Amino acid sequence: MPALSQTRAYVALLLIATLWGTFPVTSKLVLADLPPTLLTALRAILGSSFLVALLLRAGSETVRPPTPETVRAFFVLGVAGVVLSMHIAYWGIYTTTAANAAILQAASPIMIALGARLYLGERLRRPQQIGVTLSMLGVLIVVTEGNLAELAPSEWRLGDFLTLLGLTAWTVYTVYGKRVIATVPPALATTGGYVAGTLVIVPLAIVTLPLMPRPRLASPLAWVVLVYHGVFGAVAHLWWYAAVERVGPSRAAIFMNVTPLVGMALAAVLLGEPIGPWQVAGVLLVLAGVALTTRVSRATRAGGKLGGSSRPPQ
């Protein structure tokens with residue numbers, strides 16, 4: 001896909017965050033019919049097929065035989081992005097509320113900003129540091145339901161812990177992927193990662209299927225949600241890496257803070273999940289992080305200091 005301008009990258013990130021905000025609720029609807037590991041495998045098969053078809057249409061310039069080093073990188077992306085991040089996220093949603101899962105995804109900017117700082121050497125400016133701190137406080141408020149004295153992981157819901165664990169894998173996918181897309185096009189990196197992840201998750205799903213609740217494959221809702229997640233989720237991954245290439249992991253990740261608004265609203269409307277005051281407070285804090293980060297972006301554009309994509313250190 002063609003390189004994004006900075007403005008289009010921000011629009012794409014906003015759309016991605018909105019789309020992903022719908023996933024916890026729609027996942028909750030379908031996980032009663034398809035166990036998490038099977039849902040991940042079916043989504044991976046559908047998404048991989050869709051991405052391969054798009055890549056083949058792009059022509060020979062994009063489709064180049066990968067080197068052994070590139071294949072290894074694809075498997076790192078696949079394990080991190082599909083086998084761990086996507087898979088654990090479904091298990092997290094399965095064992096917590098959809099609203100909590102959506103809100104806790106706001107921890108992504110914290111993890112990615114720190115990962116980019118450690119792995120890529122990206123510098124966090126003071127407003128970004130404050131934004132990360134506010135987001136962290138918002139996440140803690142949600143996890144502890146407003147009682148910040150209950151910070152021990154043993155007090156968390158299992159699904160809350162799994163959601164944050166899945167976000168750790170997403171951090172690896174994003175930060176490591178920043179280096180991969182410096183050597184191959186984002187579309188090829190996304191497709192390669194999806195295919196590699198599918199090759200790992202499908203055997204896992206087959207082996208564990210007898211241990212899972214019996215799937216209801218005749219459910220029309222299950223197939224509608226599966227196609228929605230498979231196709232639109234694959235497109236979101238394509239746009240994600242294209243945007244990361246343009247604006248860098250840290251600034252891309254902060255848009256994930258829009259996800260809780262969509263997730264909370266849909267959870268209340270479609271699932272009847274109550275919205276507590278701690279959830280509202282948590283959302284307000286993480287959105288304050290968005291405001292701080294986008295203010296940094298506008299200021300640096302005005303000063304002409306960060307016009308292009310940030311390149312990883314050589």
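This is a predicted model: local features need pLDDT of at least 70, side-chain atom pairs count only at pLDDT 80 or more; totals for chains, interfaces and linings use all residues.

1. The largest cavity holds about 360 Å³ of space.

2. Eighteen residues, written as 18 in the count, line the largest cavity, and those closest to its centre are W20, S85, M86, A89 and Q105. By class, this lining consists of ten nonpolar, seven polar and one charged residues.

3. Which elements give two or more residues to the lining of the largest cavity? They are α1 (6-30), α3 and α7. The most is given by α3, with six residues.

4. Helix α3 (residues 68-94) also packs against helix α7 (residues 158-180): their axes come within 8 Å and cross at roughly 160°. Because angles over 145 degrees count as roughly antiparallel, α3 and α7 are therefore roughly antiparallel to each other. The crossing in which α3 passes α7 is left-handed.

5. On the α3 side, the contact involves A73, V76, L77, A80, G81, L84, S85, I88, W91 and G92. Their counterparts in α7 are G159, L162, T163, L165, G166, A169, W170, V172, Y173, Y176, G177 and V180. The residues of this contact of α3 with α7 comprise 15 nonpolar, seven polar and no charged.

6. S85 of α3 deserves a separate entry: S85 is listed among the residues that meet α7, and S85 is also one of the residues closest to the centre of the largest cavity.

Key: Residues are numbered from 1 along each chain as its sequence is written. Side-chain values use heavy atoms; hydrogens and water are left out. Axes are lines fitted to C-alpha atoms, for helices over the stretch in contact, and angles run from 0 to 180 degrees between N-to-C directions. Helices (H or I, at least four residues) and strands (E, at least two) are DSSP runs, numbered from the N terminus. Angles under 35 degrees count as roughly parallel, over 145 as roughly antiparallel, 65 to 115 as roughly perpendicular and the rest as oblique. A crossing is left-handed if the near helix is turned anticlockwise from the far one by less than a right angle, and right-handed if clockwise. Contact means heavy atoms within 4.5 Å. Ala, Val, Leu, Ile, Met, Phe, Trp, Tyr, Cys and Pro count as nonpolar, Asp, Glu, Lys and Arg as charged, and the others, Gly among them, as polar. On a 1 Å grid over the protein atoms alone, a cavity is a set of points where a 1.4 Å probe fits but cannot get out, and a pocket is an open set with protein on both sides within 12 Å along at least five of seven lines; lining residues have an atom within 4 Å of a point. Grid points are joined across faces, edges and corners, and a volume is the space filled by probe spheres set on the points.
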